[in-house]
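Please read the following report beside the sequence and the 3D view.

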Amino acid sequence: MKTAITLEELRSARAMLPEPVGFVPTMGYLHAGHISLVERARQECTSVVVSIFVNPTQFGPHEDFAKYPRDLPRDFAQLQAAGVDLVWTPTPEIMYPPDFQTWVIVERLTAPLEGAHRPGHFRGVTTVVAKLFNAVQPQKAYFGQKDAQQAAVIRQMTRDLNYPIEIVVCPTVREADGVAMSSRNTYLNPEERRAATVLFRALNAAKFAYEQGEREAETLRRIMREVIESEPLARLQYVSCADFETLEELEWVEGKALLSMAVFIGQTRLIDNLILE
Ligand code: AMP
């Protein structure tokens, strides 16, 4: 497994890789969710590139950038075992030199949900992913359904900017009790970790009602709210039952829909979602 830090190192290592190249962008502190993306890329591509970069511009001023968990030696061992060809770990100075002033902004799709509660978040995400795409020049790039709006926004950006890259979205990997794997789960104490199961329980309660024939979106949102409110350690930020393509809130579920939510468990903000089809 090759490693690169500077753009020059990345470009010369990338030039040696046989194509198609599959690319998995991450912020590190890797878990089985990340590795599932690497494995899918390994199956579909001749070479696999992973980036690890905790991107400062996608964190709000009061968010967890400084305390975001980091463990490069452990990440490298996992990526080596998964058969990755090249790992790129750029520094903030490489990605954002002092005179940096160019941003990539996706408009409508970033307005609701995460975009409404994390101003500037998607501007940071799309800008860094565009820069990563420009440097790595993959044929395919892999993202997790765990971050449903991010996947939709990246797909839109890829279309709008004519990147010749296929975006592959992979299923959410969960712990045995249903909690979606996330680097942020390490913030939870044991009591909070037990309470974190409430997100998946709420999503499943709404999905069950949908499977029983419920089609009124507000009823599905109410079911999710009630489950979240039954957990004393949980504080709901939003619940949504939205059109899968536009991410606009629905009145009635007809086509493919996305159930999603953001919930604080103590100080830790968790997100999760399920697709209705
Ligand atoms: P992150 O390191 O959190 O920025 O995530 C890097 C990539 O891994 C993103 O495309 C995420 O959507 C994806 N990812 C994170 N957690 C999971 C999970 N539990 N299952 C599947 N993909 C995930």
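## Aromatic pairs

Phe133 counts as buried, with a relative accessibility of 1%, and Phe143 is likewise buried at 4%, where buried means under 20% relative accessible area, exposed over 50% and partly exposed in between (1.4 Å probe, protein chains only). This is a predicted model, in which local features need pLDDT of at least 70 and side-chain atom pairs count only at pLDDT 80 or more, while totals for chains, interfaces and linings use all residues. Residues are numbered from 1 along each chain as its sequence is written, and side-chain values use heavy atoms, with hydrogens and water left out.

Across the whole structure, 9 aromatic pairs are found; rings of Phe, Tyr and Trp (its six-membered ring) pair if their centres lie within 6.5 Å, and planes under 30 degrees apart count as stacked, over 60 as edge-to-face and the rest as tilted. Because their ring centres are 5.3 Å apart and their planes stand at 90°, Phe100 and Trp103 make an edge-to-face pair. Phe100 is partly exposed at 22% relative accessible area, and Trp103 is partly exposed at 29%. Phe133 and Phe143 also pair edge-to-face, at 6.4 Å centre to centre with 70° between the planes. Since Phe133 lies in helix α6 (residues 121-136) and Phe143 in strand β5 (residues 140-144), this pair ties together parts that are 10 residues apart in sequence; helices (H or I, at least four residues) and strands (E, at least two) are DSSP runs, numbered from the N terminus. Phe23, Phe133, Phe143 and Tyr163 form one aromatic cluster.

## Charges over rings

The charged end of Arg74 sits over the ring of Tyr29, 4.8 Å from its centre, and Arg215 lies over the face of Tyr210 at 3.9 Å from the ring centre. Such a contact requires NZ of Lys or CZ of Arg within 6 Å of the ring centre and within 35 degrees of the ring normal.

## A pocket between domains

The second largest pocket is lined by 14 residues, of which Val106, Glu107, Arg108, Leu109 and Gln156 lie nearest its centre. Here a pocket is an open set of points on a 1 Å grid over the protein atoms alone, with protein on both sides within 12 Å along at least five of seven lines, and lining residues have an atom within 4 Å of a point. Because domain 1 (2-170) and domain 2 (183-276) both give residues to the lining, this second largest pocket lies between them, the domain bounds coming from an automatic or database domain assignment.

Key. 1 Å grid on protein atoms, 1.4 Å probe; cavity = no way out; pocket = protein on both sides within 12 Å on 5 of 7 lines; lining within 4 Å.
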